[in-house]
Amino acid sequence: MGQETEPIVNNIIKPPVFNENDNQDYSHIDTKGVKILSGENGEYEYEIPDHISPRAYEEFIRYLYMDSTSWLMSPQKDISSEYLKEVKHCATFFQCPRLAAMAQNKLNNISGKDKDNETLLPSFRRKNFKWAYFNLRSGIHDMTDITINCTGGDVQGPVRAHEIVLIVNSRFLKQLISNLGKDDPREIELKIIGKPEFEAIMYYMYTMEFQIEEDNYISTWVAANYLIMGAFQSEVEYRVAQKINPENAEMIRDIAAKLQAQSIIEQCNRVIHQAEKNES
């Protein structure tokens, strides 16, 4: 996501400097040899330089998606030095120093160099996606490819996003986006979710950070279930459970029944039963 540009210093890759309002000029980056061909419906095709081997580029793409490499994911796999040099060259060309260092570490391992020559490899993935959330959805670096029209709740409006982020986080959105035809506008409507709730959910999708006001826990819980978001559903449900009291237990139980959240229903029942017991 465009921020792994720090050099390797003293065998430690420094994390990228994070600026939520980054307005850097990227025009100085040398992209010679890379061709971008515009296709139909906003699609793009990239032609990479001949000095980048297809197999090294495939490794680079795997790294972008998985935050790992084929040799780390399959330690028993035979990896040649020639292949690792190709990967290192590809990573250097695309300004991805962490992958280049991974390849160099493996080369060192093959050649028998000691551990002191290895480079420490902190992951930048979460920081990169946070940067993308703040910098690639609007302004001069806008690279969004879909609009979510939120028409539920008290505050409505459009939210720009990246399809790939929505697809990997929500099975519901994956299905909606998959149903769009090639000639359809790249936008979908969510009638049950308001704009603030969806923006809070999307912030979690990009950053894995939970930043939701307590007053919005229940509406976000409903929205997360609607979107089928797995881990995030559990995260919000846990926080809702912490807020159950005799005053809101019946209301939360009614919502939990619609969501088939059995653990919340049981907790509400316990709270209601204890309140009735205390009154008698």
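Predicted model: local features only at pLDDT ≥ 70, side-chain atom pairs only at ≥ 80, totals over all residues.
Residues are numbered from 1 along each chain as its sequence is written, and side-chain values use heavy atoms, with hydrogens and water left out.

**Exercise 1.** Determine what share of the chain counts as buried.

*Solution.* Take buried to mean under 20% relative accessible area, with a 1.4 Å probe and protein chains only. Of the 280 residues, 37% then count as buried.

**Exercise 2.** Describe the faces of strand β7 and its pairing with strand β5.

*Solution.* Start from the assignment, in which strands are DSSP runs of E with at least two residues, and helices are runs of H or I with at least four, both numbered from the N terminus. In β7 (residues 187-190), I188 and L190 form the covered face, while E187 and E189 form the uncovered one. Next, apply the pairing criterion of at least two DSSP bridges between strands: β5 (residues 146-150) pairs with β7 in the parallel sense over 4 bridges. Finally, N149 has E189 of β7 as its bridge partner.

**Exercise 3.** Characterise the packing of helix α1 against helix α3.

*Solution.* With axes fitted to C-alpha atoms over the stretch in contact, and angles running from 0 to 180 degrees between N-to-C directions, α1 (residues 54-66) and α3 (residues 81-93) pack at about 65°, their axes 8 Å apart. Contact, meaning heavy atoms within 4.5 Å, involves residues including Y57 and F60 of α1 and Y83 and V87 of α3.

Note on methods
Buried < 20%, exposed > 50% of the residue type's maximum accessible area, 1.4 Å probe, protein only.
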